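Hi everyone, thanks for coming.

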Amino acid sequence: MKTTTRVVVIGGGVVGCSVLYHLTKLGWSDVMLLERKELTAGSTWHAAGGFHTLNGDTNMAALQGYTIKLYRELEELTGMSCGLHHVGGITLADNKDRFDMLVAERAKHRYMGLETEIVSPEEIAKFAPITNLDGIVGGLYDPLDGHLDPSGTTHAYAKAARMGGATIETHCMVKETNQRPDGTWDVVTDKGTIHAEHVVNAGGLWAREVGAMAGVYFPLHPMEHQYIVTDDIPQIYERDSEHPHVMDPAGESYLRQEGRGLCIGFYEQPCRPWAVDGTPWSFGTELLQDDFDKIEDSIAFAYKRFPVLETAGVKTVVHGPFTFAPDGNPLVGPVPGMRNYWSACGVMAGFSQGGGVGLTLAQWMIEGEAERDVTGLDVGRFGSWITPGYTRPKVIENYQRRFSVSYPNEELPAARPHRTTPMYDIFTGLGAVWGAQFGLEVPNYFAQGDEPTYETPSFRRSDAFGATGREVKAVREAVGINELQNFGKFDVRGPDARSWLDKVMAGRIPQKGRISLSPMLTPKGRLIGDFTVSCLSETHFRLTASYGYQAIHKRWFDKHLEGDVQVTNVSDAVTGFQIAGPKSRDLLALCTRDDVAAMKFLDARSMTVGQVACTVQRVSYTGDLGYEIYCDPMDQRQLWQTLWTVGQPMGLTPFGMRAMMSLRLDRFFGAWLREFSPDYTAAETGIDRFISWKKNTDFIGRAAAEAERKTPPARTLVTFEVDADDADVTAYEPVFIDGKVQGFCTSGGYSHWAGKSIAFALIPREAAGKGNTAEIEILGQMRPARQITTPLFDPDGSRMRG
């Protein structure tokens with residue numbers, strides 16, 4: 001066995017073999033995979049082997065599309081069969097909301113190049129005549145859906161990897177992973193020790209145990225899952241062509257042809273987590289005991305939906321475990337806080353996603369970044385606060401909701417509240433309707449009187465609409481207050497702090513007592529952050545950005561750290577309030593002896609507010625006159641008492657994130673992971689106006705940004721006023737210009753101040769211009785839209801800056 005290698009991949013399932021193959025495909029041949037038993041042992045060997053492109057995350061859908069198209073390439077490369085059956089698939093909708101979701105997904109597919117189509121019950125009857133269509137509204141047909149041979153596909157990946165120079169060691173159990181001071185790893189196995197530059201945890205069912213060897217907790221949990229293969233069914237084997245897949249979300253089931261019969265699997269509500277205290281090392285190619293009681297209700301529903309099942313005998317029952325992350329997406333990428341330790345875990349849909357996961361991780365390792373935004377599967381999207389006690393109920397919830405309707409305004413209840421601020425009980429008493437971000441409870445809006453304290457999920461304007469409008473009015477006409485906890489915050493200290501920031505930030509680094517706005521770029525010029533930079537002293541800066549991105553940002557800072565600089569994540573060590581609106585200056589002035597009137601726009605200063613020592617910044621994401629007031633969490637309630645008491649005669653009103661996201665529309669302010677994300681460059685989104693071209697620093701991404709400065713990118717971000725009905729743009733709706741799909745929406749919503757529906761969209765640069773008309777597809781309806789270039793509120797910024 002080799003004793004040195006560049007990369008050790010731990011785990012020989014479909015994901016580990018895909019990672020190994022893609023590393024060789026991108027040029028790293030000195031790579032090695034270790035499998036404690038045989039390839040496919042674990043979840044891979046007993047998988048149903050289905051694949052599909054449908055996914056609410058467009059980047060995940062694209063990776064699934066890549067995976068499916070890769071199989072033919074693997075067969076041609078290796079001469080091995082993956083057992084492909086491209087039979088197409090239909091997802092059924094039995095109610096209006098489910099049909100709305102499918103229509104919205106089809107709209108996204110238009111600009112993604114996926115050839116899905118909405119089908120009527122009559123068309124479904126032709127595709128899948130064994131389906132009882134009682135109550136069916138329609139469906140979504142995907143010609144790429146199908147199934148394959150799990151074992152054959154995994155071995156094809158393995159052979160392709162070997163052809164590229166990779167080594168695979170089976171019956172080789174990893175016992176320890178120990179990091180050397182230089183960041184490389186000693187991987188201790190029962191066959192000896194291997195010295196590797198990088199370690200990839202593709203442990204599948206054992207990913208938690210493999211991670212624990214390195215002192216890492218992976219938020220994963222295995223779930224029991226059961227499917228049934230029937231005896232021969234005449235209505236199946238007498239067909240002229242193979243029966244397509246049918247996904248029946250109402251029945252929590254998926255169905256496909258298997259030989260001369262059918263295979264049907266269930267995501268049942270009375271589900272069970274498996275191996276709660278750890279996956280046994282002795283487990284491998286075993287199955288769990290049959291449990292028909294658990295799926296009794298699902299089977300009864302399936303008999304009604306597919307009557308041929310009721311008289312079909314059962315040939316085989318497959319009951320085995322596979323792993324989920326709390327949100328159902330994979331955990332991929334460099335593990336925060338670790339050097340050269342990578343994750344390829346939690347890939348519950350291995351034959352839909354495994355190829356894309358392998359490609360993404362290989363690009364990340366070799367090229368430094370993946371080709372598309374990987375936030376949805378980044379292992380860094382969960383923080384150090386996550387525990388097994390949180391993971392398990394979220395995984396159960398996700399399993400149970402595998403086929404549920406996903407609404408854009410939905411807040412899932414499991415494991416909540418988990419993290420709260422000192423304001424939680426006060427805000428609850430004021431009618432807060434809570435959302436969650438990165439485990440933190442955040443007010444979405446405040447209900448009054450007999451308004452419900454639960455927002456009903458909807459694709460249309462929800463029952464938060466009235467409350468949101470009320471809060472927007474309060475901010476624009478008087479003064480509003482909301483919490484600043486849900487910002488990611490970093491303190492940057494040291495003699496080299498300024499020079500280091502000049503390198504990692506593309507924008508201007510401010511002088512003492514001032515604030516600047518700056519994009520942070522990857523080497524390829526794509527956005528990895530949208531920051532407020534505050535200079536508190538020449539050796540102390542504070543960075544403010546997305547709360548949910550804090551672990552990913554800290555990983556980036558650590559990777560690029562150099563000189564005498566310390567970067568500390570203070571996201572939960574610093575909190576406070578934002579006050580905004582025409583009376584916000586008066587309110588702050590009454591709460592402090594400092595000269596508030598002397599504060600200019602983008603000033604930052606220390607100030608005592610009431611009894612509390614604060615850092616006050618004159619800036620507001622509402623686009624209005626406003627201030628951010630930061631303090632120690634221990635002082636937050638006292639600060640609130642001061643502001644709330646003084647502010648009552650002025651009409652001080654709490655507002656939540658729903659109002660915040662409406663207010664930002666008035667000023668055309670983009671949002672992180674909507675308008676600004678690693679999918680886009682600064683020039684595409686207009687945030688290049690904050691790049692400091694004059695500074696004499698080769699900041700990260702400068703060459704790519706300079707190239708786009710000389711040759712502007714093909715697309716640009718614009719704003720549309722939309723003739724909407726009762727539903728507004730959320731994201732990824734296609735934009736039709738001259739009758740063709742030429743762009744897509746990044747986000748949108750309703751401007752309560754202007755009384756208009758607004759959409760942000762990326763469209764061809766040559767098509768942009770004031771008054772340009774388009775159509776935007778919202779829930780299957782073509783809605784007229786007109787490009788606007790003048791902000792809806794304070795167009796010259798006089799109130800915000802004055």
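Let me start with one term: two strands pair if DSSP finds at least two bridges between them. Please also keep in mind that this is a predicted model.

With that term in hand, look at strand E37, residues 773-778, and strand E38, residues 781-788. These two pair in the antiparallel sense, over six bridges.

E37 and E38 belong to a closed barrel of six strands, in the order E33-E36-E35-E34-E37-E38, with antiparallel pairing. From one strand to the next, the twist averages 45 degrees. Which helix packs on this sheet? It is H17, residues 657-666, and H17 touches strand E35 (740-751) and strand E36 (756-764). The direction of H17 makes about 120 degrees with that of E35.

There is also a hairpin to look at. Strand E10, residues 174-179, and strand E11, residues 185-189, run antiparallel and are joined by five bridges. Here Asn178 stands opposite Asp186 in E11. Five residues lie between the two strands of the hairpin, and Gly183 in the turn has a positive phi of about 95 degrees.

On to the helices. Helix H3 covers residues 96-112, which is 17 residues. From its first C-alpha to its last, H3 reaches 24 Å, close to the 24 Å expected at 1.5 Å a residue. Several H3 residues are buried, including Arg98, Phe99, Leu102 and His109. What do the buried residues of H3 pack against? Their partners are H2, strand E5 (89-93), strand E6 (117-119), strand E7 (138-142), strand E34 (734-737) and E37.

In helix H1, residues 14-25, please find Ser18. Is Ser18 buried or exposed? Its relative accessibility is 0%, so Ser18 counts as buried. Leaving aside residues up to four places away in sequence, Ser18 touches Tyr157, Gly354, Gly355 and Gly358.

Next, aromatic rings. A pair of aromatic rings is described by the distance of the centres and the angle of the planes. The count for this model comes to 32 aromatic pairs. Take Phe51 and Tyr71: their ring centres are 5.9 Å apart and their planes are at 45 degrees, so this pair is tilted. The pair links distant parts of the chain, with Phe51 in strand E3 (residues 50-51) and Tyr71 in helix H2 (residues 58-78), 20 residues apart. Both of these residues are buried.

Tyr254 and Tyr267 make another tilted pair, at 6.2 Å centre to centre and 55 degrees between the planes. Tyr254 sits in strand E15 (residues 253-258), while Tyr267 is in the loop between strand E16 (261-266) and helix H8 (296-305), 13 residues away. Tyr254 and Tyr267 are buried as well.

Rings can also join up in a group: ring pairs link Tyr424, Phe427, Trp434, Phe446, Phe577, Trp640 and Trp644 into a cluster. The charged end of Arg6 sits over the ring of Trp28, 3.8 Å from its centre, and the charged end of Arg476 sits over the ring of Phe793, 3.9 Å from its centre.

Last stop: some backbone details. Where is the cis peptide bond at Pro417? It runs from Arg416 to Pro417, with omega near -5 degrees. Pro417 is in the loop between helix H10 (388-400) and helix H11 (424-429). In the loop between H10 and H11 you will also find Ala415, whose phi is near 60 degrees, a positive value in a residue other than glycine. With 24% relative accessibility, Ala415 counts as partly exposed.

Phe438 is not a glycine either, yet it has a positive phi of about 55 degrees. Look for Phe438 in the loop between strand E20 (432-437) and strand E21 (440-446). At 10% relative accessibility, Phe438 counts as buried.

Methods:
Residues numbered from 1 in each chain as written. Predicted model: local features only at pLDDT ≥ 70, side-chain atom pairs only at ≥ 80, totals over all residues. Heavy atoms only, no water. Helix = DSSP H or I, 4+ residues; strand = E, 2+ residues; numbered from the N terminus. Axes fitted to C-alpha atoms, helices over the stretch in contact; angles between N-to-C directions. Contact = heavy atoms within 4.5 Å. Phe/Tyr/Trp six-rings, centres within 6.5 Å; stacked < 30°, edge-to-face > 60°. Buried < 20%, exposed > 50% of the residue type's maximum accessible area, 1.4 Å probe, protein only. Lys NZ or Arg CZ within 6 Å of the ring centre and 35° of its normal. Expected span 1.5 Å × (residues − 1).
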